[in-house]
Structures are given as structure tokens and as C-alpha cells.
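Colleague: I am new to this structure. Please show me how to read its features.

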Amino acid sequence: MGAPPDASHVFYRKLNRSLPLIVRGEGVYLYDDAGKRYLDACGGAMVASVGHGVRDIADAIASQAAKVAYINGTMFTNEPVERLADALVRLSPAGIEKAYFLSSGSEAVEAALKLARQYHVERGEPERRIVIARTPGYHGNTLLALSASARPHYRQLFDPWLVDVRMIDAPYPYRAGDGDRSPAMTGDALEAAIVAAGPNTVAAFIAEPIGGSSTGAAVPPASYYARVREICDRYGVLFIADEVLCGVGRTGKFFALEHFTDARGAAITPDIITLGKGLNGGYVPLSAMLARQSLFDAMKKSKLGGLMHAQTYSQHPVAAAAGLATLRYIQEHELVERAARLGPRLLSQLGALMDVGDGAALVGDVRGIGLLAGVELVADRASKRPFERGLKVVERLMDAALARGLIVWPNTGHADGTNGDLVLIAPPLVVSESQIDELAVLLRDSLADVARDIAALRS
Ligand SMILES: Cc1ncc(COP(=O)(O)O)c(C=O)c1O
């Protein structure tokens, strides 16, 4: 097993635990140096879309690194980025014509927000600076992306450095007070926030089309994004769809926004889309910002010569080669269709956790779409009362699951900013039916471990 934090020179991300040393991965499984097997039920951080250890992708990376590993995106272009941009634009809703590649989801969000701001300035509306985002919601950890993220415990220390982003309630069916009629669920909350801010001061609205870790795979009402599009159009506000977590097939469509249409059944086109995580299955860091032609045209006319965002590793050939190989793998193995087909099995197996096993009473709700599911834990199912944060229920569940060889993704704070425990289940899209069943059994047993822990604490 891996070293405790003090025995290593690595500045670990978690300093209160010893991290197992992973030496190998294959499909949905990871193996540590002691030979223990883990079922990766969340693809690391909803990243490992095509599974671990895919030879084709490793080969594509090696081959591109041997040809040319790095060029600077201000001086040259390269074949993998050209081809990946073509492929993503082909998959995108009509109107999206350009792709800008970066390394992380946070960077893609930073670039998207800067593009939105620069677009308005270039068009002679410099007063448009306000961004509207949703709570719960998450868009990354660099300071602009963090400003748009409703994660009090991430923000607290850095609050003096964060910019003014106005928050509206996210559509979160499980906790929506008035159900479908609440302003958060209809989209009215967005219009009210734009009007309150002063419509000509608002630059952009950013939202995860289907909830990621923050709302645990919550799916907004069918009419929500048509209304968002209509409101944004009415007030000249750009709509940024953050598909970093839910994009690239995770929900059973390539883009999660494809689950939503307008009243005539037409697709909804955002102004900017961000992608990351599953885009290259985690093989090397890669994210993308996709934009409408009109935004690109405004940058082209700019006296500044383009978008004012500069990162050494943008348009990286090896990262793009990994992205291309991942897309090819997803298409050849029909993994988007597979996510749509296996989603109901995942949801029904997880749904059974509410009824079966000694930990059933901890499960308040199970929801999701495709191979993205959330299991929300509550102290009382009838009232939906969350556990008090001090009990660290989701951390206990994560530890119990790890001990049993199951990896799940935790989230906290979604119920009221502080309390709230849920796990996100997002296995690699190559997961089989029997692996879904295995995952559900491991989670059921881990929940029972936690229920026993909590009972012991209370006795
Ligand atoms: C929706 C969403 N956007 C952006 C990000 C930030 O991505 P990264 O951690 O790669 O910077 C995340 C990360 O979890 C995310 O879930």
C-alpha cells in the first residue's frame, strides 16, 4: 500500500489518509501494488470514459509524441488538433464551428468566460460583465471558474480574490420546494436574475446541462433549456453549456444538452460548450472550448488579434491525438449508444438500494440518466433531512467502498451549502451488465457498513 503523506515527497491532495499505489488498469478495474482490485465506479473523477489500459489510445499517444510532441499554438497548427476540431464540430449542434483546446475543465471554463466578456467588449457593450451561474453547481477551481462555482468550502479561503458571479438556484428536482413550478425548475429564476442585475450588464449564463457532482446527476425538466435559450436571446446574454462532466456520451447522448429540445423538437444550440474529462478518457490532460462562428468572427475583427487567453499547452498535438483516438474508440465501440442502453439497468440496480440491505434507510434518492447516476444519502427519507456534516457520512461511505474494492465519487454540501452527502456513479462506458450488478452489490454492502458505523456512534 502507498506511503502515508509524511513518508513521501509528493505533496498529496489528501493529507489525512494513506493513498494506495495503483500500478495497472484494465477496463473498469484498477489494481494496486498489493494486487488488490478496485471497480472504478466513477472513472476516477468521471474521466475514464473508455476504461483503463486501452492499447489503441496509448499507441496513438506514443506515435504522435514520436512525430512531434509540442509546438506553440500561436506559431503553428498541427494535424491532430485540426482533425479533432473537425470531428467535434461535426458532432456539435448547428452553429458551433470552432474548437479551442486546453488541458483542464477549469481552463476551458476560464477561456469560455473570457470569450464571453471579450465578445461583448468587441461589439461595443463593455458594460456586460456579470456572469450568472447556479447553486449547487461546479465549474472548476481556478479563480474565475471557482467564482462561478457554488462550493462554499472551496471558496471560503479565497473569497477576497473571487469575482462577482450571481447565483440562481439550480433545477434540482429532489429538493425543489414547489416541484416543477418553482422558478429554479421553470427557468424563471434566470430571467429574474438578469432583470435584477440590469439586462445590459449581464455577459453570460453558465450551467451544467445535466447536474454533475454538485446536484448528483439531477436532470432538469424537459422544457428548461428551451426557456434558458429564449431568455438569453431576449436579453443578449451568452449561454455557456458546461459539458466537462456530462458531455462525450456519459448521459447516452454525445452532448447532455441533446436531451432537451424546443417546443418544435429542434436542438438547442448554446453559444459556447466546454468539454473535458471523458474527452480523452484521462489518457493525457485535454479539454475543449467550442464556440459559435459569431463569437469567433468577433475575435477575428478584434484589434487584439484574437481571444485574450494564453496557455502554453493549448492546441497540444499529443493531447489532441489522445482525444482523436478516444473519439474513434467511442464511435467504433458505440459507447454513447451503450451508455443509453445500460443506463436503465444502472438506475434500477441502484434504485434497489433504497429497499434492500442494512444500509437501505440511508438512501434518500437515486436519479440520473445514461451512465451518470447520483445516490443521495439522508438522515430521514420522509423529510429528506440531510446528515449533519460533522458525521462525514459520504467520507465513511467512500472509505467503506474502497475497503471493499469499489471507487465512488463523493459530494457534500448540496442540501443547504454545508450539509448533504451523495455519491456519483459514472463507470467507464465500457462497463458490462454483470459489472453493473457487481458495482451495486459492493455499494449495498458498503452502505450497510456505514449504517452500522452510524448506529455504533449513536449507541
Ligand atoms: C462541470 C465541470 N466543469 C468544470 C470542471 C473543472 O474541470 P477540471 O477539474 O478538469 O479543471 C469540473 C470538474 O469536476 C466539472 O465537473
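**Reading the model**

Modeller: Start with Ala-291, which counts as buried because its relative accessibility is 7%. Buried means under 20% relative accessible area, exposed over 50%, partly exposed in between (1.4 Å probe, protein chains only). This is a predicted model: local features need pLDDT of at least 70, side-chain atom pairs count only at pLDDT 80 or more, and totals for chains, interfaces and linings use all residues. Residues are numbered from 1 along each chain as its sequence is written, and side-chain values use heavy atoms, with hydrogens and water left out.

Colleague: Which residues does Ala-291 touch, not counting residues up to four places away in sequence?

Modeller: Contact means heavy atoms within 4.5 Å. Ala-291 touches Gly-95, Ile-96, Glu-97, Lys-98, Leu-115 and Asp-271.

Colleague: How do I read a pair of aromatic rings?

Modeller: A pair of aromatic rings is described by the distance of the centres and the angle of the planes. Rings of Phe, Tyr and Trp (its six-membered ring) pair if their centres lie within 6.5 Å; planes under 30 degrees apart count as stacked, over 60 as edge-to-face and the rest as tilted.

Colleague: How many aromatic pairs does the structure hold?

Modeller: There are 8 aromatic pairs. In one, the ring centres of Tyr-70 and Tyr-313 are 5.9 Å apart and the planes stand at 80 degrees, so this pair is edge-to-face. Tyr-70 is partly exposed, at 33% relative accessibility. Tyr-313 is exposed, at 51%.

Colleague: What about Tyr-225 and Phe-239?

Modeller: That pair is stacked, with 5.9 Å centre to centre and 10 degrees between the planes. Both Tyr-225 and Phe-239 are buried.
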